[in-house]
Every structure is written in C-alpha cells, then in structure tokens.
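Please look through the sequence and the model shown here before reading on.

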Amino acid sequence: MDGATDGVNQAIAGELQLMDPRVRASRELAGQLLDPDFVEVGGSGRRWTYEAMLAELPDHPGSSLEAPRFEPSDFSGVLLAPGLVHLTFETTLGELRTRHSSIWRQAEEAAGWRMYYHQATRVPSGVE
C-alpha cells in the first residue's frame, strides 16, 4: 500500500471511530483522535474548538448506544501533502442527512492520524 492510500485509509478509520458511540462518550478516546489544534464548523454554524468538542461530544446525537447511530457513505479522500489528508463523505442519523469535509494530519508516530478540521453541512430533504 502506498503512503497516499495508507493515509486516506487511516483517516477513514479515524472518522469511523469518531462515529462510534463508545468513542464519542469518552473524552480520552475522542481526544486521541482530535488534533489539539482542532476546529469544527458544525451544521448549525457553530464553531467548535478541541476543548469545547471534548466537553460536549458525549451529549451530541449519535453518542448513545441506545439512540440512532451514524450511517456513513460515499467516502472519498486525497493526500494533500505528506501527512495531510482531506476526506469528504455523507452521513445519515435518523432523518438527518449531512455532508462532511475533514482534514486529518499525521502527528508523531505514536499519536497517529488526528482530525485537524471538520465542516458539516445539513442537506435539506429533496436535495441530491
């Protein structure tokens, strides 16, 4: 496997882990996947930082084993530069459909790949 494919696969694996309710409910596990410089612009337009996301992620949709879970699809990724991957994908959570764009960067070897930036956009019903 080449570096580009490996990096994209590692970033996709990280995204899938961040959709796991057990990871979302754990500050420690989620913190291992988010870069300390993490920023997100959520579907609501709110700007999230690393600390704010870790503090509130356990209460976000998709964070409970008893509630609906994220159903991801259409992953696409590209290596932008060594150690920097851009992903796009969609999720559904119940009736909510969202498009996502994230940037993952490779930290020190032990830390692996971490999400540096994330943007989510809600897709209105009827939009392809």
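What follows is a guided reading of this predicted model.

Residues are numbered from 1 along each chain as its sequence is written. Because the model is predicted, local features need pLDDT of at least 70 and side-chain atom pairs count only at pLDDT 80 or more, while totals for chains, interfaces and linings use all residues, and side-chain values use heavy atoms, with hydrogens and water left out.

Helices (H or I, at least four residues) and strands (E, at least two) are taken as DSSP runs, numbered from the N terminus, and two strands pair if DSSP finds at least two bridges between them. Strand β4 (residues 84-93) and strand β5 (residues 96-106) run antiparallel and are joined by 10 bridges, with leucine 84 standing opposite arginine 105 of β5. The hairpin of β4 and β5 has 2 residues between the strands, and in this hairpin glycine 94 adopts a positive phi near 65°. Strand β5 also pairs with β6 in the antiparallel sense, over 9 bridges, and here arginine 105 stands opposite arginine 114 in β6.

Side chains of opposite charge can pair when their charged atoms come close. Counting as a salt bridge a side-chain nitrogen of Lys or Arg within 4 Å of a carboxyl oxygen of Asp or Glu, the structure holds 7 of them. One of these joins the side chains of aspartate 37 and arginine 105, at 2.8 Å from N to O; the pair links distant parts of the chain, since aspartate 37 belongs to strand β1 (residues 34-41) and arginine 105 to strand β5, 68 residues apart. Accessibility is described here as buried (under 20% relative accessible area), exposed (over 50%) or partly exposed (in between), with a 1.4 Å probe and protein chains only. On that scale aspartate 37 is partly exposed because its relative accessible area is 47%, and arginine 105 counts as partly exposed at 27%.

A second salt bridge is formed by glutamate 90 and arginine 97, whose closest N and O atoms are 3.0 Å apart. Glutamate 90 is buried, with a relative accessible area of 16%. Salt bridges that share partners also join Asp35, Asp37 and Arg105 into one network.

Two further side chains can be followed through their surroundings. Serine 102 is placed in strand β5 and counts as buried because its relative accessibility is 0%. Its side chain makes a polar contact (a pair of N or O atoms within 3.5 Å; within protein, one must be able to donate a hydrogen and the other to accept it, and residues adjacent in sequence count only if both atoms are side-chain atoms) with the side chain of tryptophan 104, at 3.2 Å. Taking contact to mean heavy atoms within 4.5 Å, and not counting residues up to four places away in sequence, serine 102 touches several residues, including Val85, Leu87, Tyr117 and His118.

Histidine 118 is found in strand β6 (residues 113-122) and is buried, with a relative accessible area of 7%. A polar contact of 3.3 Å joins its side chain to that of glutamate 40. Leaving aside neighbours within four places in sequence, the contacts of histidine 118 include Phe38, Val39, Glu40 and Val41, and also His100, Ser101 and Ser102.
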